[in-house]
Amino acid sequence: GASKSILEKYLQQHDIEWITNCSVKKVSEDTVVVEYLDDAVMEKQVTNTKTLPSKYTMLIPAFHGMDVWKAVPGLSDDVGMIRINDHQQSVTYPNIFDMDSN
């Protein structure tokens, strides 16, 4: 969605490296150990483990919608993000608008 694009553009402009789809195993004063996950597998199996040097680490949790949205048929995707059109309007319920689910 737009938030992800804005964040990625900012990180690129400031030469900041980011990784996604991983689990943090350990953080120390100058390293972070991460486990890369296979998103194609339902149980998200670990595919690789790396120790990364780090002077500063920022962790951002995955974006997820609210569980209540998942309970409404056709409103959201599997992680609860509302499906919207170019006008920020729900594709299933035209009276519902969302600021940035996609």
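Author: Start with Asp98, which sits in the segment after H2. Keep in mind that this is a predicted model.

Reader: Buried or exposed, that Asp98?

Author: Asp98 is buried.

Reader: What about a salt bridge for Asp98?

Author: Asp98 has none. The nearest side chain of opposite charge is Arg83, 11 Å away. A salt bridge needs the charged atoms within 4 Å.

Reader: Then what does Asp98 touch, leaving out residues up to four places away in sequence?

Author: Ile82, Ile84 and Gln88.

Reader: Switching to Ser76. Where is it?

Author: Ser76 is in the segment after helix H2, and that helix spans 67-70.

Reader: Why does Ser76 count as buried?

Author: Because its relative accessible area is 8%, and buried means under 20%.

Reader: Which backbone atom does the Ser76 side chain reach?

Author: The backbone oxygen of Trp69, at 3.4 Å.

Reader: Which residues is Ser76 in contact with, neighbours within four places aside?

Author: Trp69 again, plus Lys70, Met81, Ile82 and Arg83. Ile82 also touches Asp98.

Reader: Zoom out. What pattern does the chain follow?

Author: Along the sequence, α-β-β-β-α. That is two helices and three strands.

Reader: How much of the chain is buried?

Author: Of its 102 residues, 18% count as buried.

Reader: Last one. What is the accessible surface of the chain?

Author: About 8100 Å². Carbon and sulfur atoms hold 55% of that.

Notes
Residues numbered from 1 in each chain as written. Predicted model: local features only at pLDDT ≥ 70, side-chain atom pairs only at ≥ 80, totals over all residues. Heavy atoms only, no water. Helix = DSSP H or I, 4+ residues; strand = E, 2+ residues; numbered from the N terminus. Buried < 20%, exposed > 50% of the residue type's maximum accessible area, 1.4 Å probe, protein only. Polar contact = N/O pair within 3.5 Å; in protein donor to acceptor, adjacent residues only side chain to side chain. Contact = heavy atoms within 4.5 Å. Areas by Shrake-Rupley, 256 points an atom, 1.4 Å probe, with all protein chains shown as cover. Lys, Arg positive; Asp, Glu negative; His and termini not counted.
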